[in-house]
Amino acid sequence: MASALRRTASRLRHRLRSSSDLLSPPCISDALRQGVDSSLPRPVRLNDDVLVSWMSFFLLFATGAGLVYYYDREKKRHIQDINTNSIAVKEGPSAGKAAIGGPFSLIRDDGKRVTEKDLLGKWTILYFGFTHCPDICPDELIKLSASIDKIKEKSGVDVVPVFISVDPERDTVEQVHEYVKEFHPKLVGLTGSPEEIKSVARSYRVYYMKTEEEDSDYLVDHSIVMYLMSPEMSFVKFYGKNHDVDSLTDGVVKEIRQYRK
């Protein structure tokens, strides 16, 4: 009898323990914790160096875009000034005197100081550039040199081609002399002090600005325009980079013939 009671009590304790294990809060808590951990994404934390790198890149990009916009706006403004003044000249006597051109005093590539008065009585084409220009200036001067010979053939007029430096710090008299003789024997080179170059550039509405400066190695961004001046050194017309040798030649010959009428 006692033995039977002990066995019955043992079975009851086992059942109660099993039920208690199934309803145990730690089991439910662990199950819930595992379910939550496996279903929800863990937060991603960015490295501080990565954030700094992206911010630096953004600031560099914004600065570069701002500089490009500024240079482009300045160039367009100066070209617009040239266009406006050219139209004013073509309108006739009521438009008044041309706003392009004026007195200057510069040093010729032979070392002699000259002024605009030394060019009186001759048709002249002025081009502003610099001797360290990698491609545009040489291309334009080659075009100008070829046109000078063709203008002579078609009109019988000797037009004086003139190169004026916009890089006075590097373009010495000797440097300009060596440069111009590579293009045409009649090509006249002019340079001067920074103040003198600034003055003549302002008179002819020429834009120029140093870019990519690193020690003494830099480029000069500038207007790419040729100015046709009459024998009175009055502005007649300008010709941009879009003109080739033939159109430049024909345009100048046309102006010379109209002037003779």
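**Exercise 1. How many residues of β8 are buried, and which lie on each side?**

Step 1. Take the terms. Strands are DSSP runs of E with at least two residues, and helices are runs of H or I with at least four, numbered from the N terminus. Buried means under 20% relative accessible area, exposed means over 50%, and partly exposed lies in between (1.4 Å probe, protein chains only).

Step 2. Count. β8 is mostly covered, with five of its five residues buried.

Step 3. Sort by side. Val225, Tyr227 and Met229 are buried on one side. Met226 and Leu228 are buried on the other.

Step 4. Recall the rule. In a regular strand the side chains alternate between the two faces of the sheet.

A note on the model: it is predicted, so local features need pLDDT of at least 70 and side-chain atom pairs pLDDT 80 or more, while totals for chains, interfaces and linings use all residues. Residues are numbered from 1 along each chain as its sequence is written, and side-chain values use heavy atoms, without hydrogens and water.

**Exercise 2. Find the strands that β8 pairs with.**

Step 1. Two strands pair if DSSP finds at least two bridges between them.

Step 2. Check β3. Four bridges join β3 to β8, and the two run antiparallel. Threonine 124 has methionine 229 of β8 as its bridge partner.

Step 3. Check β9. Five bridges join β8 to β9, again an antiparallel pair. Methionine 226 is bridged to tyrosine 239 in β9.

Step 4. Look at the turn. β8 and β9 form a hairpin with five residues between them. Methionine 233, in this turn, has a positive phi of about 60°. Most residues other than glycine have a negative phi. Methionine 233 counts as buried because its relative accessible area is 10%.

**Exercise 3. Is arginine 205 buried, partly exposed or exposed?**

Step 1. Locate arginine 205. The loop between α6 (194–203) and β6 (208–214) holds this residue.

Step 2. Phi is positive, about 55°, although arginine 205 is not a glycine.

Step 3. Classify. Its relative accessibility is 27%, so arginine 205 is partly exposed.

**Exercise 4. Which residues touch the most other members of the largest nonpolar core?**

Step 1. Define the set. A nonpolar core is a set of buried Ala, Val, Leu, Ile, Met, Phe, Trp, Tyr and Cys residues joined through side-chain atoms within 4.5 Å.

Step 2. Name them. The largest core has 51 residues, and Phe128, Ile164, Tyr204 and Tyr227 touch the most other members.

Step 3. Follow phenylalanine 128. Leaving aside neighbours within four places in sequence, its contacts include Ile164, Tyr204, Val225 and Tyr227.

Terms used:
Contact = heavy atoms within 4.5 Å.
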